[in-house]
Every structure is written in structure tokens, then in C-alpha cells.
Amino acid sequence: MHISLKQQVAIVTGASSGLGAGAARALAEAGAAVVINYNSKPEPAEKLAEEIRAAGGRALAVGADVSKEEDVERLFAQTIEHFGALDILVANSGLQKDASIVDMSLEDWNTVINVNLTGQFLCARAALRQFIKQGMRPEVSRAMGKIIHMSSVHQLIPWAGHVNYAASKGGVDLLMRSIAQEVGELKIRVNSVAPGAIRTPINADARKGDAEKEMLKLIPYGRIGEPEDVANAVLWLASDASDYVHGTTLFIDGGMTLYPEFRGNG
């Protein structure tokens, strides 16, 4: 199956590294013009945009803090000014600030919720407004627009020591499904991708030494995921190949959500 996103425009938030960068590359390789959002470090985002342009694609790096309404509005305005339309949003920005519940500061709780959950709300709202404003573009897609939320296996699996992160991803699940319920009749598709253990900078410390061997005990499929595993799912959800998929979370986790530690203990 060949997927083409030619003439389509995508915003990927938090796209200067990790899963966001992988998704941006995949969308660009499929022909989409890609806006690479970053927060504080422009160099990696600019480098990725240049790589895409050098390969014959279209890309633009735009700085914006997705937890701030004015930044999100500027991100979407610059996208429309530069590319003229919007067809795909990958709401990927996320972070962790870990601590036990008794030691977690209110600032760290708010920071994670503001980026991981409020940021996804602000970006989804802006995307929906643009999709409705521009209407159907049947020459490029069967849907009026596509939103792909980046969640986590921790929308389902509790995570002691990470209550702010787990709560944010649990919120993303119902945010996505509630939006999907509301806008499906407009032919706007809304879904989520929920990665498990993926080889990215955010979990590099958790894979040092024997830690990766211990992590593999939680993954029935027997390997750590790669950013390309998630990017392939994002690409499929952004395409007409998934046109009847709506309000669904696609877990990319090698079976982590099967709770393999219960094998033999039922």
C-alpha cells in the first residue's frame, strides 16, 4: 500500500526530536508540507526542516509554547500564511517532571498538565477552527481534516512516581474521544497514538546498563520500539487508508498493555 499526502499540510508539535521528528520526516516523505514546531531550541528544528527541503520537500520550523494560547494562535497563523491550508495536526508535544506524589511540587504538576493536556486542547481547537473555515478539500483528502493526538500506554497503565504524566495522558484519551464524538459528523477524523517503550532521548536513562533488560520483561514482543514504529502509525492515521478509523487509540507498544508480568499468575 502506497501512502501519498501530496498537497496536504501538516503541523507536528514538539517535532525537533524524538517521536515528533520521526513523524515529521514520515509525513514529509509521503509528500506533505510540514510545519516543525519547537519550544526552546530552534537549531534541531531548523536542521530537520533543511533536511526535508534538501530532499525536495516543503518544511518550515516555527517556535511556539503549546501551553500558551497566543503562541498556538501564532503557530497556526504562520502555517496558513506560509502554506495556505491545514489538513493534519499531530499534537505531539509532551514532557515529564517526575517525583513521588508526596514530593511533587504544584509547579511540576501544572507544567506537565499545561503542556501535555492543555497544549493538546489548544492545538486541537485551533486545527478544528481552520478545518471548518477552509471546508472540504476533496482533491487532497476524503476527510475535512485529521487530528492525531500523542498519548501513551500510561493513559491505561498507572505509573507510580509519574502521577502528573499519567494523569495528563489519561486526560488526552477522553479529550480525543470527546472531540471525535463532537466533530465526526463534519468528516473530521480524530484519533490517538499511544506508544510504549520507544528508543528516544526522553527515556535514555531508563535504558542504561541492565535497565533495558528489565524493561524488556514488560514487552511481550521482545524489543524496544523505534521512532519509525510510531511514525508509521501516524502516517497511516493521517492518510485516506484509515478513512473509517475515528475516535480510536492505536497502541504501539509491543504488547506492554497486555500486562505480561501477570503471565502464570492468574
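The model is predicted, so local features need pLDDT of at least 70 and side-chain atom pairs count only at pLDDT 80 or more, while totals for chains, interfaces and linings use all residues. Residues are numbered from 1 along each chain as its sequence is written, and side-chain values use heavy atoms, with hydrogens and water left out.

Strand β5 spans residues 145-150. Helices (H or I, at least four residues) and strands (E, at least two) are DSSP runs, numbered from the N terminus. Six of the six residues of β5 are buried, so the strand is largely enclosed by the rest of the structure. Buried means under 20% relative accessible area, exposed means over 50%, and partly exposed lies in between (1.4 Å probe, protein chains only). Gly-145, Ile-147 and His-149 point one way from β5. Lys-146, Ile-148 and Met-150 point the other way. Residues on both sides are buried.

Strand β5 has a parallel partner in β4 (residues 88-91), with four bridges between them. Two strands pair if DSSP finds at least two bridges between them. Leu-89 stands opposite Ile-147 of β5. Strand β6 (residues 188-195) also pairs with β5 in the parallel sense, over six bridges. Here His-149 has Ser-192 of β6 as its bridge partner.

Strand β4, helix α4 (residues 106-134) and β5 form a right-handed β-α-β unit. A crossover is right-handed if, with the strands pointing away from the viewer, the path from the first strand over the helix to the second runs clockwise. Strand β5, helix α5 (residues 163-183) and β6 form a right-handed β-α-β unit as well.

Asp-65 sits in the loop between β3 (59-63) and α3 (69-83). Asp-65 is buried yet has no salt bridge. A salt bridge is a side-chain nitrogen of Lys or Arg within 4 Å of a carboxyl oxygen of Asp or Glu. The nearest side chain of opposite charge to Asp-65 is Lys-68, 4.1 Å away. For charge, Lys and Arg count as positive and Asp and Glu as negative; His and the chain ends are not counted. The side chain of Asp-65 does make a polar contact of 2.7 Å with that of Ser-67. A polar contact is a pair of N or O atoms within 3.5 Å; within protein, one must be able to donate a hydrogen and the other to accept it, and residues adjacent in sequence count only if both atoms are side-chain atoms. Leaving aside residues up to four places away in sequence, Asp-65 touches Asn-39, Asp-71 and Val-72. Contact means heavy atoms within 4.5 Å.

Ser-239 lies in the loop between α7 (227-238) and β7 (249-252). Ser-239 is buried, at 3% relative accessible area. Its side chain reaches the backbone nitrogen of Ala-241 at 3.2 Å. Ser-239 also touches Ile-3, Leu-5 and Arg-189, not counting residues up to four places away in sequence.

The structure holds twelve salt bridges. One of them joins Arg-74 and Asp-71, with the closest N and O atoms 3.8 Å apart. The two residues are three apart in helix α3, so about one helical turn separates them. Arg-74 is partly exposed at 34% relative accessibility, whereas Asp-71 is buried at 17%.

Glu-226 and Arg-199 meet in a salt bridge of 3.1 Å, N to O. Glu-226 lies in the loop between α6 (211-216) and α7, and Arg-199 in the loop between β6 and α6, so the pair ties together parts that are 27 residues apart in sequence. Glu-226 is partly exposed, at 29% relative accessible area. Arg-199 is partly exposed too, at 31% relative accessibility.

Arg-223 and Asp-229 form a salt bridge, their closest N and O atoms being 3.0 Å apart. Arg-223 is partly exposed at 39% relative accessibility. Asp-229 is partly exposed at 23% relative accessible area. Salt bridges also link Arg-142, Arg-189 and Asp-243 in a network.

Gln-7 is not a glycine, yet has a positive phi of about 75°. Gln-7 is found in the segment before β1 (9-12). Lys-187, not a glycine either, has a positive phi of about 65°. Lys-187 is placed in the loop between α5 and β6 and is partly exposed at 44% relative accessibility.
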